[in-house]
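Reader: Please take me through this model slowly, and tell me for each label which value stands behind it.

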Amino acid sequence: MPQLPQDFLFGVATAAYQIEGAVTEDGRGRSVWDDFCDRPGAIVDGSTGASACDSYHLYKEDVDLMAGLGIDAYRFSISWPRIQPDGFGAVNQAGLDYYDRLVDALLARGIRPAATLFHWDLPSPLEAEGGWLQRETAEAFADYARIVAERLADRVAMWTPVNEPNIVTSLGYSTGMHAPGRTLGLYALPAAHHLLLGHGLAVGALRAAGAKSVGCAQNHTVVWPTSQEESDVAAADLFDTIFNRMYAEPILHGTYPDGIAQMMPGPVEHDVKIIGAPLDFYGFNYYNPTLVGSPHAGERIGAEIAVDLPFSRHEIQGYPMTDFGWPVVPEGLLAVMRQLRERYGDRLPPLFVTENGCAYNTGPDDKGVVMDTERVTFYDGHLAAVSQAIAEGIDVRGYFAWSLMDNFEWAEGFTKRFGLVYTDFETQQRIPKLSYDWYADLIRRTKAG
């Protein structure tokens, strides 16, 4: 069992659209994910997040499950269209009231609330005006951050403005695999800049409202070239730049990597000063390494979408695979932490693993028990990597398991299960899995010293 410091922060993470349901209740507006789910063929099983895990109504039951784990913190996201149905202007008080109740329920059970302001559910009216391709969306996001913080900053322990801006840009605006479904290739770069600008503007708004601890939740991968041929190494370096460094360096250095700033819109020198506002922690999400080689014309993304990209991605062989087809590589998590320290040194705030998890579709046996032993092995290996990083002097303060429960897994619908808790999507019954018990035991042992 991994050896971690007694004061190490353990948590679980979820996202609003993936668990809440109630998409038409209490004044919530539409989001790009509501629209994307309406597209024929966009979601693997044709499902939507309309009901998801119904956590909007069952949040007290979910908080009880968290208390049973003994976690220190819960990372959840706030639905922008629940707060501002149009993405700007009028505030929906019923939406704020819901998160007020959730935060108070967490605090009553000794769980620190860790709120993410944007986990991909952009209000539809903003997307109709260009979404993250437009500077006005970043400005609207800052106003939304102010509204939420003025209500919750006195009780929320940790704040993350934007979850995985690189994934929103690449899957939402470049390849079209996620909402809003645009296929702009490298012409999606304005979305990257405005997501980062939105982050920076929100940091300022949160601090002005008294937020205690503000960070980020970047997605990081360690990039492996397919060979040591010059063309493959160059392609891997380029992928690393536009997936990792292009998002980390404006936040941590206040500059873009060489050659990137010229491709970004607006007053870039002014904007990067906002983007690079100091943070209290650097959160990152890790799932697996990426194997990259020289480009192929019309590189195919998924089954249907072909986009010309300056690199090609390849399947990693020789490792166990999750039911998502992702390789299980705990040493990749350690490599990311080492790389962050090497690249950013004293500029790097304390680290939190804000997401890490795996999809295994193991269900209840004939006795109602979910024996997800593969997930236990996954978490054991990845938390051992965190333990090793700490032993090497890397300042890692906490870890959020993805996810508390099986939920609506974006374009995969209900076909991929990441939860520590099994969700029956027909009855909304929750069944803690073997991994839930293992995580709870690890937390108890660690806290006991």
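Author: Helix α14 is followed by Gly-449, whose phi is positive, near 80°. Helices (H or I, at least four residues) and strands (E, at least two) are DSSP runs, numbered from the N terminus. This is a predicted model, in which local features need pLDDT of at least 70 and side-chain atom pairs count only at pLDDT 80 or more, while totals for chains, interfaces and linings use all residues. Residues are numbered from 1 along each chain as its sequence is written, and side-chain values use heavy atoms, with hydrogens and water left out.

Reader: How do you know that the span of helix α14 agrees with its 15 residues?

Author: The expected span of a helix is 1.5 Å times one less than its number of residues. For the 15 residues of α14 (residues 434-448) this comes to 21 Å, and the end C-alpha atoms are 21 Å apart, so the two values agree.

Reader: Which residues of α14 are called buried, and what covers them?

Author: Buried means under 20% relative accessible area, as against exposed at over 50% and partly exposed in between (1.4 Å probe, protein chains only). In α14 the buried residues are Ser-435, Tyr-436, Trp-438, Tyr-439, Ala-440, Leu-442, Ile-443 and Thr-446. Their cover, counted by contact (heavy atoms within 4.5 Å), includes the helices α3 (55-69) and α13 (373-391) and the strands β1 (9-13), β13 (396-402), β14 (421-423) and β15 (430-432).

Reader: Why are α8 and α9 called roughly antiparallel?

Author: Axes are lines fitted to C-alpha atoms, for helices over the stretch in contact, and angles run from 0 to 180 degrees between N-to-C directions. Angles under 35 degrees count as roughly parallel, over 145 as roughly antiparallel, 65 to 115 as roughly perpendicular and the rest as oblique. Helix α8 (residues 165-174) and α9 pack at about 150°, with their axes 9 Å apart, and are therefore roughly antiparallel to each other. On the α8 side the contact is made by Pro-165, Val-168, Thr-169 and Tyr-173, and on the α9 side by Ala-191, Ala-192 and Leu-195.

Reader: What makes α9 and α11 oblique instead?

Author: Helix α9 (residues 189-208) and helix α11 (residues 268-275) pack at about 50°, with their axes 7 Å apart, and are therefore oblique to each other. In this pair His-193, Leu-196, Leu-197, His-199, Gly-200 and Leu-201 of α9 meet Val-268, Asp-271, Ile-274 and Ile-275 of α11. By class, this contact has six nonpolar, three polar and one charged residues, where Ala, Val, Leu, Ile, Met, Phe, Trp, Tyr, Cys and Pro count as nonpolar, Asp, Glu, Lys and Arg as charged, and the others, Gly among them, as polar.

Reader: What makes Trp-120 and Trp-410 count as buried?

Author: Trp-120 has a relative accessible area of 8% and is therefore buried, and Trp-410, at 4% relative accessibility, counts as buried too. Trp-120 is in the loop between β3 (112-118) and α6 (124-128) and has a positive phi of about 85° although it is not a glycine. Trp-410, in the loop between β13 and β14, likewise has a positive phi, of about 50°, without being a glycine.
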